[in-house]
Each structure stands twice: as structure tokens, then as C-alpha cells.
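Me: I would like to learn how to read a structure one feature at a time. Can we take it in short steps?

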Amino acid sequence: MADSTVKIWAVTIILTILLAGCMKDDQWMENQREDLSGQLTDGGLFIVNEGNFMYGNATLSFYNPDTKEVQNDLFFNVNGLPLGDVAQSMYLFNNKGYIVVNNSGRIYIIDIQTGKYTGKITGLVSPRYIHFISEQKAYITDLYASAITVFDPTTNQITGSIPTVGHASTENMIQYGNILYVSCWSADQTILMINTENDQIIGTITTAIQPSAMQIDKNNKLWVICDGGLSNNKKPALQQINLINNTIEKSFSFTASDKPVKLSIDKTKSTLFFINGGVFRMAIDAAELPSSPIIQSTGLPFYGLGVDPKTDELYVSDAIDYLQKGVIYRLNFSGEVIDTFKTGIIPGHFCFKP
């Protein structure tokens, strides 16, 4: 009986993936819809749950901090449409939510008041993150494309690309003035500098291996966390970059066995947070890395981290075993737990609703 159950479960997953690939979005949306008007309140947050690679089980959740209520499987329940394979990130722009679905090679767009599907961007290879430049222009980084995609948010049409020859993987983006800084992650150690007025790469900054998340502090210094890659010969680092001359001013080295990720910053831009097993807090003027976490992981390392830009409350995700529903810890600035709740499989990205 056990073997039969496993076989039926496996066949069901395969058929679901095949069906999702064959059916068009409007066909799926004929199935079911739930009205969430008024429930996606301002001050809440969307939680992007990656799901398992090649299983097509990514989901979207919404959490209301005032009522502590959670809406799981939001995208499917509202639209009758599976979100897809590996949901990577989400961004808000002009009352729309842009959900990047990495392995499906697309971005779904929803109304952030109702959760209803309003459009999509396709023709992407392996999209990661979005940065909006203006009403008519936004950039999309990509894991494999060796290019940054340019699209028009008013039409959802791809309008161009910025070749990143020699840098196959582009990751996080952050802007200072008219210069966009882009981390090149997979086995790379480069931050690209792009002139957002003409979409040209105008320079590079060499960092420690595999730069990922970045933040700009109150002194207009750029911080980047570098996870060190897979080799034990390369140490991870947290580095501070002077944006006047684009040179590294400070570099804090971790041990080779560390794996620091998910750099965040508080609303005053004076305190950094990152994951290295547990969650660590560090003042931007600190002379060394913090020695102990404000919250310790009890099992596998924490997976996702976000800081509410209004309240400075922290949201930390535990993917547990990467197979069951993940757990979110809501913490105050000092690391004390306010609430815990379950979402979907592998919650990895937090998107705060203003």
C-alpha cells in the first residue's frame, strides 16, 4: 500500500506539471476564484514561497501584522492559476505586484489590493530580481542569460537588454543617483555599474567571491555580502564600498565554513542584519563582525530575512526540511519573537505593502 501511495502521488505531481505547461493562463483562471478584496491590507506583507525545483509548487502568501492572519496559496485561490516553478522574488510598483518565477522564466503581475492577475512578462531565461528605473523602464537580472532584460512597466513588453559578457549570472540591484549597482553571483566576484540613462555598463568593482545582497547606509556607503561560493579556499565577506570612488573601504572576513546571506538594513540605515545560520545584527560603524546572533537557528540555517521599513520588525523564514510548509518568525528589533506562522514550501522573499 505504501508503494502504491507513493506512485500515485508521484504520478499526480507529474501530471500537474505537464498540465500547467500545456494550459494557457486564461484556461486555468476559469477554474476557481476567491475574492480577497479588503483583506490584503496596507502594512501587511507578501511572502514568496519558492517551492521545490521542477515541482511547480511555488505559492504566494499574505500576512496581516495587525490581526496575525495569514492567507496562503493566495495566487492560486484568487486566480485558479498555479504560480509556477521556483518563485524567486516580488516587487511593488504603481499598485501592482510583480512576482518573479525563476524556473518558469516568467513574471506574473497582480493587483496588490485584490491579488487578481493582470498580466505577465514572458520570454525570460531564468529571472531573479527586478529594479524599476522609471514609469517606462525596469531591469530584470538573470541567472543564466548573460544579460539584463529591460522592459516597459506600462506595456509589460521587453524593450531591450544589456549584455553582461563574461558575467553569466546577475543577481541583486541597488541604485545610487543614476548609477545602478548589480551583483554578479555564480562563481563571480564582480559588481557591475550601469548608467541608467543610457543602459551602458560604465565600470566594475571587484569584491570577495559571490556577491549577492546589497544595502546603502545613511552615509551613502554600499554594503555587499559575499557568500564565498562552494570552495573552502575562498572566505565569505561583508564589505563596505565608497560610492564616490567605488573602492572597498572595509572588509570583514568570515571563516571558510560560514555562509552569510540575505543582507538587510533598518529604517534609519544604521544597522545591518544578515543570516549566518542564525540572524545577526551589526551597526554600520562596528569595528568587527558580531560574535553571537540575536536569534539562533535550532536546525538548518534560516533561509529568508526581511526588515519592515515602517516598524523595524524582522521577519525570518525557516525552510525546515525544504519539503514541508515553512515557518516564519516575526521578531522585534531586539530579536524577541512576536509571532510565528506557517506559509508555503521554502519561504524566501518578503515584500512589504506600504
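Me: Is D42 buried or exposed?

Reply: This is a predicted model, so local features need pLDDT of at least 70, side-chain atom pairs count only at pLDDT 80 or more, and totals for chains, interfaces and linings use all residues. Residues are numbered from 1 along each chain as its sequence is written, and side-chain values use heavy atoms, with hydrogens and water left out. Now the term: buried means under 20% relative accessible area, exposed over 50%, and partly exposed in between (1.4 Å probe, protein chains only). D42 has a relative accessible area of 51%, so D42 is exposed.

Me: Which residue forms a salt bridge with D42?

Reply: The general idea: side chains of opposite charge can pair when their charged atoms come close. The rule used here asks for a side-chain nitrogen of Lys or Arg within 4 Å of a carboxyl oxygen of Asp or Glu. K353 meets that rule with D42, the closest N and O atoms being 2.8 Å apart. This pair links distant parts of the chain, 311 residues apart: K353 is in the segment after β27 (347–352), D42 in the loop between α2 (25–28) and β1 (45–49). Such labels come from DSSP runs numbered from the N terminus: helices are H or I with at least four residues, strands are E with at least two. K353 has 3% relative accessibility, so K353 counts as buried.

Me: How many salt bridges does a search of the whole structure find?

Reply: The search finds 5. One of them joins E171 and R128, at 2.8 Å from N to O. E171 lies in strand β12 (residues 170–176) and R128 in strand β8 (residues 127–132), so the pair ties together parts that are 43 residues apart in sequence. E171 is buried, with a relative accessible area of 4%. R128 is buried too, at 12%. Another salt bridge joins R330 and E313, at 3.0 Å from N to O. Here R330 sits in strand β25 (residues 325–331), and E313 in the loop between β23 (304–307) and β24 (314–318), 17 residues apart. R330 counts as buried at 8% relative accessibility. E313 is buried with a relative accessible area of 15%.

Me: How many aromatic pairs does the count come to?

Reply: A pair of aromatic rings is described by the distance of the centres and the angle of the planes. Rings of Phe, Tyr and Trp (its six-membered ring) pair if their centres lie within 6.5 Å; planes under 30 degrees apart count as stacked, over 60 as edge-to-face and the rest as tilted. The count comes to 17 aromatic pairs. Y98 and F151 form a tilted one, 6.2 Å centre to centre with 45 degrees between the planes. Y98 is in strand β5 (residues 96–101) and F151 in strand β10 (residues 147–152), 53 residues apart. Both Y98 and F151 are buried. For F274 and F280, the ring centres are 5.6 Å apart and the planes at 5 degrees, so this pair is stacked. F274 and F280 are also buried.

Me: Which residues form one aromatic cluster?

Reply: Y63, Y315, F341, F350 and F352 do.

Me: Why is strand β21 largely enclosed by the rest of the structure?

Reply: 6 of the 6 residues of β21 (residues 271–276) are buried, so the strand is largely enclosed. Both faces are covered: T271, F273 and I275 on one side, L272, F274 and N276 on the other.

Me: Which strands pair with β21?

Reply: Two strands pair if DSSP finds at least two bridges between them. Strand β20 (residues 261–265) pairs with β21 in the antiparallel sense over 3 bridges. V261 has I275 as its bridge partner there. Strand β22 (residues 278–283) runs antiparallel to β21, and 6 bridges join them. The hairpin of β21 and β22 has 1 residue between the strands, and G277 takes a positive phi near 85 degrees.

Me: Which residues touch the most other members of the largest nonpolar core?

Reply: In soluble globular proteins, nonpolar side chains tend to be buried together. A nonpolar core is a set of buried Ala, Val, Leu, Ile, Met, Phe, Trp, Tyr and Cys residues joined through side-chain atoms within 4.5 Å. The largest core has 20 residues, and F46, L60, L74, F75, L83, M90 and I99 touch the most other members. Helix α3 (74–79) is among the elements that each supply at least two residues. α3 gives the most, with 3 residues.
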